[in-house]
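Please read it alongside the sequence and coordinates.

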Amino acid sequence: MRPPPEITELHREAIRLALKEDAARTDVTAATLVPPDARGFALIVAKEDGIPSGAEFGGFVFAELLEPGDSLNYAPTAYLRGAVRVRAGDELARMDGSLRTLLAGERTVVNLVQRMSGIATLTAKFVDAVKGTRARILATRKTAPGLRAFDLEAVRAGGGGVHRESLADRILVKANHLEAARAAGTAESMADVVALIVREKPGVPIGIEAVDIDELRAALVPRVEVVLLDNFSPERMAEAVRVRDAAFPGGGGPELEASGGITLATVRRYAETGVERISVGAITHSAPALDVSMRIVKALPA
């Protein structure tokens, strides 16, 4: 079983905003039909096969809605039993407590679970596609605004990793940074940029995006940890691996990362070039949601 996800302030802020936009504290339907002391039991169930993710956060959603003196029991059952994959009909979570609270939080919890499970499921397909190679599948910053902490947790549930979580994680020089440096007069070439960063930022992890083999060669210096190869064909990627390996014949050179439009149909070809990293924006920005539902099963004594 993976360790339980840490609930951070970013998670809490996103949950509060989701409840606010749904006006969850002003559920006029539940207030009309359900007495305030009515209690019930509910389940979250997968309606299709996939990789479960997100149910671990459901309890925090409902906790935001509890009134003083109220209580609600919540258990992410698929996670607790160590389920890596689920089938249609499998239980993801169970809960009991105030029916008004269950109804108020239902949509926010289901939205979260179906999005995260969809991301985890697509990530797992990419991870499975590169098995037997040394390539790792990584998420990018192409996440839903405000939901990155959830999106990246889902990627990890699917067996993937993270390219970088935020702009503060590492220096990563991309084409726009080089153009900005030229406009500002601080550098003219990628070699200038690399030299400047190595000199000015000792101890900070460095990544460089290369758009061709010449820029790759400029980045093959000590302290550069990753070279991102954007929109290379598999053939050019294989050439890049040979150039890197020739520059560091004893190993220890920067890892190479393939990126740009890589799909399930092409990812294996990229992995077989020998790159260590493959970043795939689609696993977060284009993953279809896994079909999930929450249903009230029975009422409980008040």
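The points below are grouped by topic and describe a predicted model.

**The sheet**
- Four strands, in the order β2-β3-β1-β11, make up an open sheet with antiparallel pairing.
- The edge positions belong to β2 (72–75) and β11 (292–300), each of which has a single partner strand, so one side of each lacks a neighbour in the sheet.
- From one strand to the next, the twist averages 15°.
- Strand β1 (residues 39–46) is paired with strand β3 (residues 91–98) in the antiparallel sense, over 7 bridges.
- Arg39 has Ser98, in β3, as its bridge partner.

**Helix α3**
- Helix α3 (residues 58–65) lies across β2, β3 and β11, and runs at about 165° to β2.
- The buried residues in α3 are Gly58, Val61, Phe62, Glu64 and Leu65.
- Viewed down the axis of α3, these buried residues fall within an arc of 150°, so they line one face of the helix.
- The packing partners of the buried residues of α3 are α1 (9–21), β2, β3, α5 and β11.

**Helix α5 and Thr108**
- Helix α5 lies across β1, β2, β3 and β11, at about 160° to β11.
- Thr108 is located in helix α5.
- With a relative accessible area of 9%, Thr108 is buried, because buried means under 20%.
- Not counting residues up to four places away in sequence, Thr108 touches Ala18, Leu19, Asp22 and Val61. Among these, Val61 is also one of the buried residues in α3.

**The largest nonpolar core**
- The largest nonpolar core has 79 residues, and the members that touch the most others are Ile44, Tyr74, Met95, Leu216, Leu229 and Ile278.
- Helix α5 (residues 99–129) gives the most to this core, contributing 11 residues.
- Leaving aside neighbours within four places in sequence, Met95 is in contact with Gly40, Phe41, Ala42, Leu43, Ile44, Phe62, Leu72, Asn73, Tyr74, Leu102 and Met294.

Conventions: Residues are numbered from 1 along each chain as its sequence is written. This is a predicted model: local features need pLDDT of at least 70, side-chain atom pairs count only at pLDDT 80 or more; totals for chains, interfaces and linings use all residues. Side-chain values use heavy atoms; hydrogens and water are left out. A nonpolar core is a set of buried Ala, Val, Leu, Ile, Met, Phe, Trp, Tyr and Cys residues joined through side-chain atoms within 4.5 Å. Buried means under 20% relative accessible area, exposed over 50%, partly exposed in between (1.4 Å probe, protein chains only). Helices (H or I, at least four residues) and strands (E, at least two) are DSSP runs, numbered from the N terminus. Contact means heavy atoms within 4.5 Å. Two strands pair if DSSP finds at least two bridges between them. Axes are lines fitted to C-alpha atoms, for helices over the stretch in contact, and angles run from 0 to 180 degrees between N-to-C directions. The arc is that of the directions from the helix axis to the C-beta atoms.
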